[in-house]
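Please keep the sequence and the coordinates open while reading.

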Amino acid sequence: MTERLSIAVVEQDHDRALMIVDGLRDAGDYDITVIGDVIGLARRLRALAPDVVLIDLESPDRDVLDALTLASSPSDRPVAMFVDRSDAGVMRAAIEAGVSAYVVDGLSRERIKPVLEAAIARFHVVARLRAELEATKAALEERKTVDRAKGMLMKAKGLGEEEAYALLRKTAMAQGRKVVDVARALITAADLLR
């Protein structure tokens, strides 16, 4: 059995909040919390730690977007924002704050589920891309470290590149370590001897 999705609904207007809650109840079995005041929003969102945040604001301001950023990093959860009018600057700031779906003049009970699903799907795509980017950066850093260590061995022992790498690999296997860890240790030792 899967856990119920927890959703924080940020809506200051009571009637609109009820419409959103009704739309969510039509869409599925969710644990819903309504936040009716944007004051202290970051603190409330951190305390609730919802799976998804739905925000409906007439015109979001920088304070709300800053609160979203403070409450969590954009990689923590999907956020869908409904606004009444378009503003390119606010839209860019919302996306930078981690908003997964930005919907202009589109809040209606029947649209809540598709927007929620789109926000979650987009969030997962971006999260996967972010993870791939981090893995690529880490691999590049490891490669730079190994290349630097190879260069040091080539210079110190008069080895060719393949021989230097073979020596790093042989040492790593003998010590039960990764090649990059042996390379880091070599670089650290060399830096200490300077």
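Two residues are in contact when they have heavy atoms within 4.5 Å of each other. The model is a predicted one, in which local features need pLDDT of at least 70 and side-chain atom pairs count only at pLDDT 80 or more, while totals for chains, interfaces and linings use all residues. Residues are numbered from 1 along each chain as its sequence is written, and side-chain values use heavy atoms, with hydrogens and water left out.

Start at Ile120. Leaving aside neighbours within four places in sequence, Ile120 is in contact with Leu5, Val52 and Pro78. Ile120 belongs to helix α5, residues 112-157. Ala101 is 19 residues from Ile120 in sequence, and their C-alpha atoms are 8.6 Å apart.

Burial is described by relative accessible area, with a 1.4 Å probe and protein chains only: buried means under 20%, exposed over 50%, and partly exposed in between.

How are the strands joined? Two strands pair if DSSP finds at least two bridges between them. β1 pairs in the parallel sense with β2 (residues 30-35) over 6 bridges, and Ser6 has Asp31 as its bridge partner in β2. β1 also runs parallel to β3, joined by 5 bridges; here the partner of Glu11 is Asp56. On to β4 (residues 79-83), β3 again pairs in the parallel sense, over 5 bridges, and Leu57 stands opposite Val83.

In a regular strand the side chains alternate between the two faces of the sheet.

Two loop residues come next. Ala49 sits in the loop between α2 (41-48) and β3 (52-57). Most residues other than glycine have a negative phi, and most peptide bonds are trans. Ala49 is not a glycine, yet its phi is positive, about 45°. With a relative accessible area of 45%, Ala49 is partly exposed. Gly36 is found in the loop between β2 and α2 and is likewise partly exposed, at 41% relative accessibility. Not counting residues up to four places away in sequence, Gly36 touches Glu11 and Gln12. Its C-alpha atom is 8.2 Å from that of Ala17, which is 19 residues away in sequence.

Now return to helix α5, where Thr145 is also placed. Thr145 is buried, at 16% relative accessible area. Beyond residues up to four places away in sequence, Thr145 touches Val180, Ala183, Arg184 and Ile187. Leu168 lies in helix α6, residues 161-175, and counts as buried because its relative accessibility is 2%. The C-alpha atoms of Leu168 and Leu186 are 9.3 Å apart, for a separation of 18 residues along the chain.

What order do the elements follow along the chain? From the N terminus they run β-α-β-α-β-α-β-α-β-α-α-α, giving 7 helices and 5 strands. The chain has 194 residues, of which 37% count as buried. Among contacts between residues at least 6 apart in sequence, 61% join residues at least 24 apart.

The radius of gyration, taken over C-alpha atoms, is compared with a globule rule of 2.2 Å times the number of residues to the power 0.38. A compact globule of 194 residues would come near 16 Å, but this chain has 25 Å. Along its principal axes the C-alpha trace spans about 75 × 40 × 25 Å.

Key:
Helices (H or I, at least four residues) and strands (E, at least two) are DSSP runs, numbered from the N terminus.
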